[in-house]
Amino acid sequence: DQLGDSGAAAAAARLGARSADHLNHCSAEGVEALAASDTVAGLLPASTFFLRGKPAPARALRDAGAPIALASDANPGTSPVVSMPEVIAMAAGVYEVPPLEALAATTLNPAWVLGLADRLGTLEIGKRADLVLLEEASFAHVAYRPGHDPVQRHREVPEHLACGGLRFRVRHRRGDRGVDTLRELGGHDRSSPVVFVRRQGQ
């Protein structure tokens, strides 16, 4: 439904697809079908911005209860954006997605789409501590300052973290090929520590 209403959103929901993406011309029927299914609505604000396209019905999707995911759609032709903070800022401006909804739409919901929600996407005991630390006092500042890199620079992952009223101890593991492979794809040829979240004292 990127260039016109083809009924693809409703078809994706009917077929049980993990996600339906672009959705610029998603119809009211498509919104209703997505809201009634487990299919995540994938919104690509950078693509919409660069193409000057019609924005997807993000408000209608959110109001209907459809889960959304935000992605960069990084490609040299229609969306030359690789910065997720920039995507979050664009989602705030183009789709009026509130910051904390954007946080879920760039972490937990995409992890579910990829079948990884059992080990990634949220800070929970036993899950991979796949996270960045932000220098901002509030996540809202990520959307408020487009073009700014909000990630703190640290040589070492801190030994302890606090989140949701709990204190965590960070435990390092080496040798997880999944992380090593991702690092290699990013141009790093060194093994990086794999970090898991454990309750303090474990």
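Let us begin with Arg62, which has a relative accessible area of 18% and is therefore counted as buried, since the cut-off for that word is under 20%. Please keep in mind throughout that what we are looking at is a predicted model.

Which residue forms a salt bridge with Arg62? The partner is Glu101, and the closest N and O atoms of the two are 2.6 Å apart. Arg62 belongs to helix α4, which covers residues 58-64, while Glu101 belongs to helix α6, which covers residues 99-105, so this pair ties together parts that are 39 residues apart in sequence. Glu101, for its part, is partly exposed, with a relative accessible area of 36%.

One is formed by Glu124 and Lys127, whose closest N and O atoms lie 3.0 Å apart. Is Lys127 buried or exposed? With a relative accessibility of 7%, Lys127 counts as buried, whereas Glu124, at 39%, is partly exposed.

The other brings together the side chains of Asp118 and Arg119, with a distance of 3.2 Å from N to O. Here Asp118 counts as exposed, having a relative accessibility of 57%, and Arg119 counts as partly exposed, having a relative accessibility of 40%.

Notes:
Residues numbered from 1 in each chain as written. Predicted model: local features only at pLDDT ≥ 70, side-chain atom pairs only at ≥ 80, totals over all residues. Heavy atoms only, no water. Salt bridge = Lys/Arg side-chain N within 4 Å of Asp/Glu carboxyl O. Helix = DSSP H or I, 4+ residues; strand = E, 2+ residues; numbered from the N terminus. Buried < 20%, exposed > 50% of the residue type's maximum accessible area, 1.4 Å probe, protein only.
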